[in-house]
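Colleague: I would like to learn how to read salt bridges and cavities in a model. Can we start with a single side chain and build up from there?

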Amino acid sequence: MIDLDDEMGFAMSALDESDTGLPGLVILVFDDRYISTKPHHEPQIWVTTAESTKVLARISIETVPHILDGNLSDEVLADVRRFLVKSKDVLVAYWNGGVSTKKMLEGIKPVTDGE
């Protein structure tokens, strides 16, 4: 039997630059209140950069995107915020279990230079 608290990979989707327009990975985390006894956290993504494979920051996806934990440069944070503003509705729906991974991927809107 798989313990989902130990195997959180089953509750994540990793998006790369071709999906988001951001260098590095954006890791979408499915709301753990559906799979865990851990306390509910606010909707969030985890962010890496092209220079690192480690999660550098957890970013809120509700209201005004802000850093919950970790550090990003002002430039990277600004790009992440642009991505979150464009894709907020589908990301929040995914977090809440309202859309499938396929529908979430179809609804993602990558950022482009000059936006």
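Modeller: Start with Arg82, which counts as partly exposed at 25% relative accessibility. Keep in mind that this model is predicted.

Colleague: Why does 25% make Arg82 partly exposed?

Modeller: Buried means under 20% and exposed means over 50%, so a value in between is partly exposed. Arg82, at 25%, falls there.

Colleague: Which residue does Arg82 meet in a salt bridge?

Modeller: Asp79. The N to O distance is 2.7 Å. Asp79 is also partly exposed, with a relative accessible area of 23%.

Colleague: How far apart are Arg82 and Asp79 along helix H2?

Modeller: They are three residues apart, so about one helical turn separates them.

Colleague: How many salt bridges does the structure hold?

Modeller: Three. Another one joins Glu106 and Lys103, with the closest N and O atoms 3.9 Å apart. Both residues lie in helix H3, residues 101–107. They too sit three residues apart, about one turn of the helix. Lys103 is partly exposed, at 49% relative accessible area.

Colleague: Which salt bridge ties together parts that are 11 residues apart in sequence?

Modeller: The one between Arg58 and Asp69, whose closest N and O atoms are 3.9 Å apart. Arg58 lies in strand E4 (residues 52–60) and Asp69 in strand E5 (residues 67–70), so this pair links two strands. Arg58 has a relative accessible area of 24% and is partly exposed. Asp69 is partly exposed as well, at 45%.

Colleague: Now the cavities. How many does a search of the whole structure find?

Modeller: Two of 30 Å³ or more. For each one, read the volume, then the lining. Asp79 is one of its lining residues, along with Leu22, Pro23, Val47, Thr48, Val76 and Val80.

Colleague: Which element gives the most to that lining of the largest cavity?

Modeller: H2, with three residues. By type, the lining divides into five nonpolar, one polar and one charged.

Colleague: What about the second largest cavity: how much space lies in it?

Modeller: About 30 Å³. Its lining includes Leu28, Gln44, Ile61 and Trp95. Strand E2 (26–29), E3 and H2 each supply at least two lining residues. Again H2 gives the most, with three.

Terms used. Residues are numbered from 1 along each chain as its sequence is written. This is a predicted model: local features need pLDDT of at least 70, side-chain atom pairs count only at pLDDT 80 or more; totals for chains, interfaces and linings use all residues. Side-chain values use heavy atoms; hydrogens and water are left out. On a 1 Å grid over the protein atoms alone, a cavity is a set of points where a 1.4 Å probe fits but cannot get out, and a pocket is an open set with protein on both sides within 12 Å along at least five of seven lines; lining residues have an atom within 4 Å of a point. Grid points are joined across faces, edges and corners, and a volume is the space filled by probe spheres set on the points. Helices (H or I, at least four residues) and strands (E, at least two) are DSSP runs, numbered from the N terminus. Ala, Val, Leu, Ile, Met, Phe, Trp, Tyr, Cys and Pro count as nonpolar, Asp, Glu, Lys and Arg as charged, and the others, Gly among them, as polar. A salt bridge is a side-chain nitrogen of Lys or Arg within 4 Å of a carboxyl oxygen of Asp or Glu. Buried means under 20% relative accessible area, exposed over 50%, partly exposed in between (1.4 Å probe, protein chains only).
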